[in-house]
Amino acid sequence: MKNVTTIKCANCGADLNAEINREYIFCTYCGGKNRIESEEMKTNIKIGNISISAKTEVDNLISSAEYAINIKQFDKANEMLIASIMSGCEDYRVYICKAMIDLHTDDGKSLFTSLEKLKSIEMKQNNNEVTQAICTLMSYRGINGVTALHNSTFHERFDMVVFCVEHGGDVNLIAGMNRVSPISIMFVPIAKTLSKIDGTPFIRNKEIVKQIRQYLMQHGAKDKWRMGY
């Protein structure tokens, strides 16, 4: 027999019998969706070989993911982090690790999702620990030594450029196969067949490039690659 507990419907106040290991329950009276918040009542989730049945396991998953990143087992680390996310976890460490993996796998779309989530968590929690972790992430170097700031300028994400710089991103750091700074990476010749992360043809937006360049220079970047912009 499944263990049950009683909760109040957040919409109509009716008593509801909620089974342990469920994350949501729908009210039989008003149809409202209620999230089950107690620690012992989180959904059992299985992804690949990773199972998670309680929020208390998230710490272990994060630690294991950090170790997997250390030894460059990025697929395994990502599997653990996805299990954490699907459990309803809002721990900033999950998205720090996700961003690190994204930098190694050169996945710009996923990287910006991770950074946006970190930005949201920081705003909600107003926690210095979160801010410090983001600042540390800004010096983290992925494939060919590139940083989150290099990725943000390359993909012309002005919002993420500001986020990176505000958290200590080095505006003059040299990285990549072409040995570029966050400014100069915007002017590296790109193959005509290359597409943006959303699948559309890669066409540089000169106004955004100019805006990013100006912002970086205001924050100490050395302007070596003007090229008419």
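**View 1. A salt bridge joins Asp-91 and Arg-93.** The side chains of these two residues meet at 2.6 Å, N to O; a salt bridge is a side-chain nitrogen of Lys or Arg within 4 Å of a carboxyl oxygen of Asp or Glu. Arg-93 is partly exposed, with a relative accessible area of 25%. Buried means under 20% relative accessible area, exposed means over 50%, and partly exposed lies in between, for a 1.4 Å probe and protein chains only. By the salt-bridge rule, the count comes to four. The model is predicted: local features need pLDDT of at least 70 and side-chain atom pairs count only at pLDDT 80 or more, while totals for chains, interfaces and linings use all residues. Residues are numbered from 1 along each chain as its sequence is written, and side-chain values use heavy atoms, with hydrogens and water left out.

**View 2. Glu-90 and Lys-117 form a salt bridge.** The distance from N to O is 2.9 Å. Glu-90 lies in the loop between α2 (74-86) and α3, and Lys-117 lies in helix α4, so the pair ties together parts that are 27 residues apart in sequence. Helices are DSSP runs of H or I with at least four residues, numbered from the N terminus. Glu-90 is partly exposed, at a relative accessible area of 38%.

**View 3. Glu-116 and Arg-157 are linked by a salt bridge.** Their closest N and O atoms are 2.6 Å apart. Because Glu-116 belongs to helix α4 and Arg-157 to the loop between α6 and α7, the pair ties together parts that are 41 residues apart in sequence. Glu-116 is partly exposed at 36% relative accessibility, and Arg-157 is partly exposed at 21%. Salt bridges that share partners join Glu-116, Arg-157 and Asp-159 into one network.

**View 4. Helix α4 covers residues 108-125.** At 1.5 Å a residue, its 18 residues should span 26 Å, and the end C-alpha atoms are 26 Å apart, which agrees. The expected span is 1.5 Å times one less than the number of residues. The buried residues of α4 include Leu-111, Leu-115, Leu-118 and Glu-122. Among the elements that cover the buried residues are α3 (92-105) and α5 (128-137). Just after α4, Asn-126 takes a positive phi of about 50°.

View 5. The whole structure holds zero disulfides, a disulfide being a pair of cysteine sulfur atoms within 2.5 Å.

Definitions and conventions: Helix = DSSP H or I, 4+ residues; strand = E, 2+ residues; numbered from the N terminus. Contact = heavy atoms within 4.5 Å.
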